[in-house]
Amino acid sequence: MPGSVTISHHGTAVPIDAADAQRLASGLDELAYLLEIPGPNRLSDAQLGVLCDGKPYQRDAVVRWTRKLAAELRGGA
């Protein structure tokens, strides 16, 4: 389908339409913003740890990955 996106993991594909891809990209951009900003609205290390399933993480790497995925969803990567 034109404008659709397919997300796959371990051989299972999940198609989403263009509007949903745009909403997901916007959500990922907001997540990156909340990871980057200083101050009380910044996501804490504990919150980031939950987002990363308790695995070790580097905040900057998660921000880069999130922004890259958002760009891919928008077709601009």
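Q: Which residues line the largest pocket?

A: The model is predicted, so that local features need pLDDT of at least 70 and side-chain atom pairs count only at pLDDT 80 or more, while totals for chains, interfaces and linings use all residues. Residues are numbered from 1 along each chain as its sequence is written, and side-chain values use heavy atoms, with hydrogens and water left out.

The lining of the largest pocket consists of Leu31, Leu35, Leu48, Leu51, Cys52, Lys55, Pro56, Ala61, Val62, Trp65 and Thr66. On a 1 Å grid over the protein atoms alone, a pocket is an open set of points where a 1.4 Å probe fits, with protein on both sides within 12 Å along at least five of seven lines, and a lining residue has an atom within 4 Å of a point. The space in this pocket is about 180 Å³; such a volume is the space filled by probe spheres set on the points, which are joined across faces, edges and corners.

By residue class, the lining divides into 9 nonpolar, 1 polar and 1 charged. Here Ala, Val, Leu, Ile, Met, Phe, Trp, Tyr, Cys and Pro count as nonpolar, Asp, Glu, Lys and Arg as charged, and the others, Gly among them, as polar. Helix H1 (18–36), helix H2 (45–51) and H3 each supply at least two residues of the lining, and the largest share, 4 residues, comes from H3.

The protein chain as a whole has 3 helices and 2 strands, arranged along the sequence as β-β-α-α-α. Helices (H or I, at least four residues) and strands (E, at least two) are DSSP runs, numbered from the N terminus.

Threonine 66 sits in helix H3 (residues 59–74) and counts as buried because its relative accessibility is 0%. Buried means under 20% relative accessible area, exposed over 50%, and partly exposed in between (1.4 Å probe, protein chains only). Leaving aside residues up to four places away in sequence, threonine 66 touches Leu28, Leu31 and Ala32, a contact being heavy atoms within 4.5 Å. In the chain of 77 residues, buried ones make up 23%.

A salt bridge is a side-chain nitrogen of Lys or Arg within 4 Å of a carboxyl oxygen of Asp or Glu, and the whole structure holds 6 of them. Aspartate 29 pairs with arginine 74, their closest N and O atoms being 2.6 Å apart. Because aspartate 29 lies in helix H1 and arginine 74 in helix H3, this pair ties together parts 45 residues apart in sequence. Both partners are partly exposed: aspartate 29 has 22% relative accessibility, and arginine 74 has a relative accessible area of 37%.

Aspartate 45 forms a salt bridge with arginine 59, with 2.7 Å between the closest N and O atoms. That pair links distant parts of the chain, 14 residues apart, with aspartate 45 in helix H2 and arginine 59 in helix H3. Arginine 59 is buried, at a relative accessible area of 11%. Salt bridges that share partners also join Asp29, Glu36, Arg67 and Arg74 into one network.
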